[in-house]
Amino acid sequence: MRLWDPVLGSRGASSAPLEHAGAVHSLAFTRDGKTLATGCEDQTARLWNTGSGLARGEPMRHRGPGVSVGFSPDDTTLVTASADGMVRLWDAATGEPRGKPLEHGKPLLGVVIAPDGKSIASIDDAGCAVIWDAQTGKPRISLKDDPGAVDVLAFSPDSTKLACGGQDGQLKLLDAANGGEIAHVSKGAQGDRVLAISFSHDGSKIATGSYDTSCCIRNVPDLVVLSPKMEHRGHVWAVAFSPDDSLLAVAADDPMRHQGAIRHVTFSPDGSRLATASYDKTARLWGPLTSAPIGAPLNHRAYVWCVRFNRDGE
């Protein structure tokens with residue numbers, strides 16, 4: 001895992017890789033950009049000083065691989081989840097555990113924190129999810145009655161709604177307070193397995209990406225289609241709205257100007273740059289309006305799964 005200058009497309013203050021003992025699948029910055037959290041196949045999460053590139057504290061350990069990470073909105077707590085079926089909370093300054101683990105019970109694929117910090121969602125490999133109260137650590141909503149219905153999940157910007165899509169192609173919009181259904185797109189109407197969901201920044205739209213190579217934009221709260229399906233030449237793995245919601249970036253198996261499938265995509269906070277992560281062992285920076293590359297490819301030694309800008313874009 002490496003840090004890069006997003007303006008010049010060159011290596012950042014720390015030119016040496018930040019080393020884990022396995023593939024890194026999850027990244028998160030604190031709001032001030034001074035700390036980076038990484039989640040890894042080696043069953044650990046780590047905190048890093050972005051200025052020096054040095055690890056902060058000891059590795060935070062799980063008992064299963066594929067650790068997912070995310071910071072609370074106030075950056076005081078790091079939340080992790082892994083294939084051991086546990087969600088764990090850690091002090092983001094020291095890496096010390098906070099409270100008891102939240103026992104989901106099945107191998108976890110990811111964890112999502114609501115923008116208001118009051119809810120934590122854990123998603124397992126059976127296509128089920130649990131929404132936890134972040135303060136009490138108690139489950140508030142269980143989405144385990146319909147296995148396969150939740151592969152991906154996103155909170156609305158105001159944290160009042162929850163969008164989830166799954167292996168069966170369903171898309172649901174739920175009340176984040178009680179799990180009540182607001183709208184539902186049935187199997188077949190959405191497409192194949194849902195692989196990606198993103199709310200627009202104003203919360204008025206949802207973009208989805210599917211295994212059947214399609215992407216579409218729907219209205220919130222009724223989930224009415226706002227645009228024709230956008231077809232790609234491969235599975236759609238990630239979707240992202242620009243900060244002003246005028247553009248939608250899509251990461252798919254059609255490599256375009258990468259030499260391999262694109263697995264992740266994200267806009268810089270000011271919308272002036274787009275970053276992509278690819279199976280061709282590179283990340284790239286682009287001008288969103290021109291599609292022109294910024295700098296040379298950012299080379300790695302293995303597949304690049306995820307890219308993140310720190311929150312000031314620098």
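Which residues of strand β7 point one way, and which the other way? In β7 (residues 68–71), Ser-68 and Gly-70 point one way, while Val-69 and Phe-71 point the other way. All four are buried, where buried means under 20% relative accessible area, exposed means over 50%, and partly exposed lies in between (1.4 Å probe, protein chains only). Strands here are DSSP runs of E with at least two residues, and helices are runs of H or I with at least four; both are numbered from the N terminus.

The model is predicted: local features need pLDDT of at least 70, side-chain atom pairs count only at pLDDT 80 or more, and totals for chains, interfaces and linings use all residues. Residues are numbered from 1 along each chain as its sequence is written, and side-chain values use heavy atoms, with hydrogens and water left out. The predictor's confidence in each residue is its pLDDT, on a scale from 0 to 100. The mean pLDDT of the chain is 90. A value of 70 or more is reached by 94% of the residues. Confidence is lowest in strand β2 (residues 10–11), with a mean of 58. It is highest in β8, at 97. Where pLDDT is low, the predicted coordinates should not be read in detail.

The chain has 0 helices and 28 strands. Its radius of gyration is 18 Å, close to the 20 Å that the globule rule gives for 314 residues, so the chain is as compact as a globular protein of that length. This radius is taken over C-alpha atoms, and the rule is 2.2 Å times the number of residues to the power 0.38. The C-alpha trace spans about 50 × 50 × 30 Å along its principal axes. Of the 314 residues, 54% count as buried. Contact means heavy atoms within 4.5 Å. Among contacts between residues at least 6 apart in sequence, 38% join residues at least 24 apart.

Strands of a sheet pair through backbone hydrogen bonds, either parallel or antiparallel. Two strands count as paired if DSSP finds at least two bridges between them. Strand β7 is joined to β8 (residues 77–81) by 4 bridges, and the two run antiparallel. Gly-70 has Val-79 as its bridge partner in β8. The hairpin of β7 and β8 has 5 residues between the strands. In this hairpin, Asp-75 takes a positive phi near 65°.

Strand β17 (residues 171–175) is linked to β18 by 4 bridges. Here the bridge partner of Leu-174 is Glu-181.

A nonpolar core is a set of buried Ala, Val, Leu, Ile, Met, Phe, Trp, Tyr and Cys residues joined through side-chain atoms within 4.5 Å. The largest has 15 residues. Among those that touch the most other members are Ala-129, Leu-143, Val-150 and Leu-162. Two or more residues each come from β12 (119–124), β13 (129–133), β14 (139–143), β15 and β16 (161–165). Beyond its neighbours within four places in sequence, Leu-143 contacts Cys-128, Ala-129, Val-150, Leu-162 and Leu-174. A second, separate core of 13 residues includes Ala-163, Ala-183, Ile-197 and Leu-223.

Ser-200 sits in the loop between β19 (194–199) and β20 (205–210). Its relative accessible area is 0%, so Ser-200 is buried. Not counting residues up to four places away in sequence, Ser-200 touches Pro-157, Lys-205, Phe-241 and Asp-245. Asp-245 lies in the loop between β23 (236–241) and β24 (248–252). Asp-245 counts as buried because its relative accessibility is 15%.

Most residues other than glycine have a negative phi, and most peptide bonds are trans. Asp-245 has a positive phi, near 65°. Lys-281 also has a positive phi, of about 70°. Lys-281 lies in the loop between β26 (274–278) and β27 (282–286). With a relative accessible area of 39%, Lys-281 is partly exposed. A cis peptide bond joins Val-220 and Pro-221, with omega about 20°. Pro-221 belongs to the loop between β21 (214–219) and β22 (230–231).
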